[in-house]
Amino acid sequence: MSFTSTIVIKPFGTKIKMVLQVTGKGDFTLLPKFNEGDFNGYELYLGLLDESITQKINSLPSSIHLVSIHTPTWVLVNGRAYPFDLGQLDPIGNISLQALEYTVKLALKCDAKIVVVHGASHNAFLESREEAMHRLADRVRPLVNKNEVNLCFETDVLWHNLYYSRRALLTTAEDFSL
């Protein structure tokens with residue numbers, strides 16, 4: 001399903017034609033429930049990486065064409081689950097980077113062209129926002145031009161700025177430049 005729209009950017013009056021590609025989104029439980037023809041493509045939402053991911057992907061109905069894969073929600077560090085977070089100090093940040101690299105490889109195998117990344121924050125009591133932004137950029141920069149997969153970063157301001165010391169790194173348009 002596609003929609004075409006023309007928007008005008010104020011104050012410049014510039015017109016931009018946008019095509020919105022509407023996709024279905026779900027995990028391994030939800031995706032098989034879509035009927036053939038519901039959407040042209042689907043996004044796979046990963047909860048936690050495990051050895052059965054490839055098998056689970058192969059068991060999806062043939063009508064489910066993956067166009068994007070969402071990074072895992074959780075990463076395991078010493079047997080404990082933590083939120084996926086590329087902005088965090090080690091070991092959570094490095095394990096999140098490994099999960100991102102694995103998700104990119106998985107997307108390439110599935111011919112999905114987009115990996116959605118949700119999760120980049122910092123601890124406002126331990127370091128500055130700038131330090132965490134540089135760490136995030138250093139982690140993802142090697143992946144940006146290396147692969148045929150686009151990384152699509154979501155803003156996290158509504159999810160991560162609401163509790164304790166955790167603050168979102170990607171909150172405005174200016175935050176998305178390397």
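**Reading a predicted model**

Modeller: The chain has a mean pLDDT of 84, and 83% of its residues score at least 70; pLDDT is the predictor's confidence in each residue, from 0 to 100. As this is a predicted model, local features need pLDDT of at least 70 and side-chain atom pairs count only at pLDDT 80 or more, while totals for chains, interfaces and linings use all residues. Residues are numbered from 1 along each chain as its sequence is written, and side-chain values use heavy atoms, with hydrogens and water left out.

Colleague: Where in the chain is confidence lowest, and where is it highest?

Modeller: Strand S1 (residues 2-9) has the lowest confidence, with a mean of 55, whereas strand S5 (residues 66-70) has the highest, at 95. The chain holds four helices and 11 strands; these are DSSP runs numbered from the N terminus, helices being H or I of at least four residues and strands E of at least two.

Colleague: How should I read a sheet, and in what order do the five strands of the open sheet lie?

Modeller: Strands of a sheet pair through backbone hydrogen bonds, either parallel or antiparallel. Two strands count as paired if DSSP finds at least two bridges between them. Here the order is S3-S4-S5-S8-S10, with parallel pairing. Strand S3 (24-26) and strand S10 (150-153) are at the edges with a single partner strand each, so one side of each has no neighbour in the sheet. S3 and S4 are joined in the parallel sense by three bridges; Gly24 has Tyr42 of S4 as its bridge partner.

Colleague: Which residues touch the most other members of the largest nonpolar core?

Modeller: A nonpolar core is a set of buried Ala, Val, Leu, Ile, Met, Phe, Trp, Tyr and Cys residues joined through side-chain atoms within 4.5 Å. Buried means under 20% relative accessible area, exposed over 50%, and partly exposed in between (1.4 Å probe, protein chains only). The largest core has 34 residues, of which Leu31, Leu66, Leu86 and Leu100 touch the most other members. Helix H2 (92-110) is one of the elements that supply at least two residues each, and H2 gives the most, with seven.

Colleague: What surrounds Leu86, leaving aside its neighbours within four places in sequence?

Modeller: Contact means heavy atoms within 4.5 Å. With those neighbours set aside, the contacts of Leu86 include Ser96, Leu97, Leu100, Val117, Leu136 and Phe153.

Colleague: Is Ser96 buried or exposed?

Modeller: Ser96, which lies in helix H2, is buried, at a relative accessible area of 0%. Beyond four places in sequence, its contacts include Val75, Pro83 and Phe84.

Colleague: How should I read the backbone angles, and which residues does a cis peptide bond join?

Modeller: Most residues other than glycine have a negative phi, and most peptide bonds are trans. In this model a cis peptide bond joins Asp90 and Pro91, with omega about 0°; Pro91 is in the loop between strand S7 (80-83) and H2. Asn78, though not a glycine, has a positive phi of about 55°. Asn78 sits in the loop between S6 and S7 and is exposed, with a relative accessible area of 81%.

Colleague: What is the phi of Asp111, and where is this residue placed?

Modeller: Asp111 has a positive phi near 65° and is placed in the loop between H2 and S8. Its relative accessibility of 46% makes Asp111 partly exposed.
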